[in-house]
Amino acid sequence: MRLFLIGFFVVYGLMHIYAFLRSKASLGLGWSWAAPLAIFMAAMVLAPLIVWYLEERGLDLGAKALSHLGYMWLGLIFLFVSVSLPLDIYMVLAKGAGTVLNRNIPALPLSSRAAFFVPFFLSLALLTYGYFDALNIRTERLTIETPKLPPGVERLRIVQISDVHVGLIVRERRLGRILRKVRELKPDILVATGDIVDGQINRLPGLAEMFRDITPPYGKYAITGNHEFYAGLPQALAFIEGAGFKVLRGEAVSGVINVAGVEDSTGQYFGSNRLVDESKLLAGLPREKFTLLLKHRPEVDEASKGLFDLQLSGHTHKGQIFPFYLVTLTVYPATGRHDLAGGAVMYLSRGSGTWGPPVRVFAPPEVTLIELVRK
């Protein structure tokens, strides 16, 4: 966690330095304008820490206001750097190649000011689009044929939510949209594959109760994600259990199907004693029943192959704001369905909520309906 925070603030600070120098040079800002801009940018870099400080002291109104401003700014800066930096790199390379080859390499026909304002307004447009798209919950559907349903059950509806991040930003309005979609799908089983809560959950009155009227006939199951540990595991578990979920921490239940859940690997850094051998957990389940594995990170354990029929995961958000998706692809597989050896399936959700900026660009939120159909 410490290394993550250090890395985050270093990268975030460098993004601000680039944006500051870019705006100062392109707009010809004197220090009477540049100094206030530098102070504002420094405050925005520190905004996540200030939000944490305010919430710790019960100043919720200030924490909420600054979290919205700070995280929307984070989204804008990320988009601006993602658009502007490649343009600058191209301009430099074109000029350098022209000098080396002693020929004219066509560059973009933009003035210095235009080269700033085009990326800025494009980033602002993408941020606005992403804000409203993050409120538009999609339904993704996955159908799996299996002979492992019990007699009398021809079809079983499993609904997955993931990465909701209930906290300062995802509250009644956004959570209500997600749960409305869940109710429409009429689940037989509801599962939450980690990060139900965010890293700051000191006061969430009434939010756990919003889950209460969703009572699938075969239960509600949840697992821990990394943010449950960041938030403080005891209070995170209290919230999730208060929402009516049975939290599976290296445990399994065998009912109409087998449902197994494993602790997120972040637990090893927080002293969790619930980290288990996944393959041993699965090997002890009735093989004639369909086995559902809940695992926050989309990592398939080689030793577990052949011991489960479906793994549901989350964690990546599909990058949440493009082009960050290109970064997540270097570590994790693409979102969606992945067919594994032996007929098993791993499904990776894009997530239902947002972390940080309440924005999703080319990575829309989802609630997933998985239908098990008798083969």
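A cavity is taken here as a set of points, on a 1 Å grid over the protein atoms alone, where a 1.4 Å probe fits but cannot get out, and its lining residues are those with an atom within 4 Å of a point. The model is predicted, so local features need pLDDT of at least 70 and side-chain atom pairs count only at pLDDT 80 or more, while totals for chains, interfaces and linings use all residues. Residues are numbered from 1 along each chain as its sequence is written.

The structure holds three cavities of 30 Å³ or more, a volume being the space filled by probe spheres set on the grid points, which are joined across faces, edges and corners. The largest cavity has about 110 Å³ of space. It is lined by 12 residues, and Y71, L168, I169, D198 and G356 are the closest to its centre. A welcome second stop is the second largest cavity, with about 60 Å³. Its lining consists of A134, L135, I137, V170, R174, R177, I178, S352, G353 and T354.

Most residues other than glycine have a negative phi, and most peptide bonds are trans. In D195, however, phi is positive, near 55°, and this residue is buried (under 20% relative accessible area, with a 1.4 Å probe and protein chains only), at 1%. Q320 likewise has a positive phi, near 65°, and is buried with a relative accessible area of 5%. F322 and P323 are joined by a cis peptide bond, with omega about 15°.

Terms used
Heavy atoms only, no water. 1 Å grid on protein atoms, 1.4 Å probe; cavity = no way out; pocket = protein on both sides within 12 Å on 5 of 7 lines; lining within 4 Å. Buried < 20%, exposed > 50% of the residue type's maximum accessible area, 1.4 Å probe, protein only.
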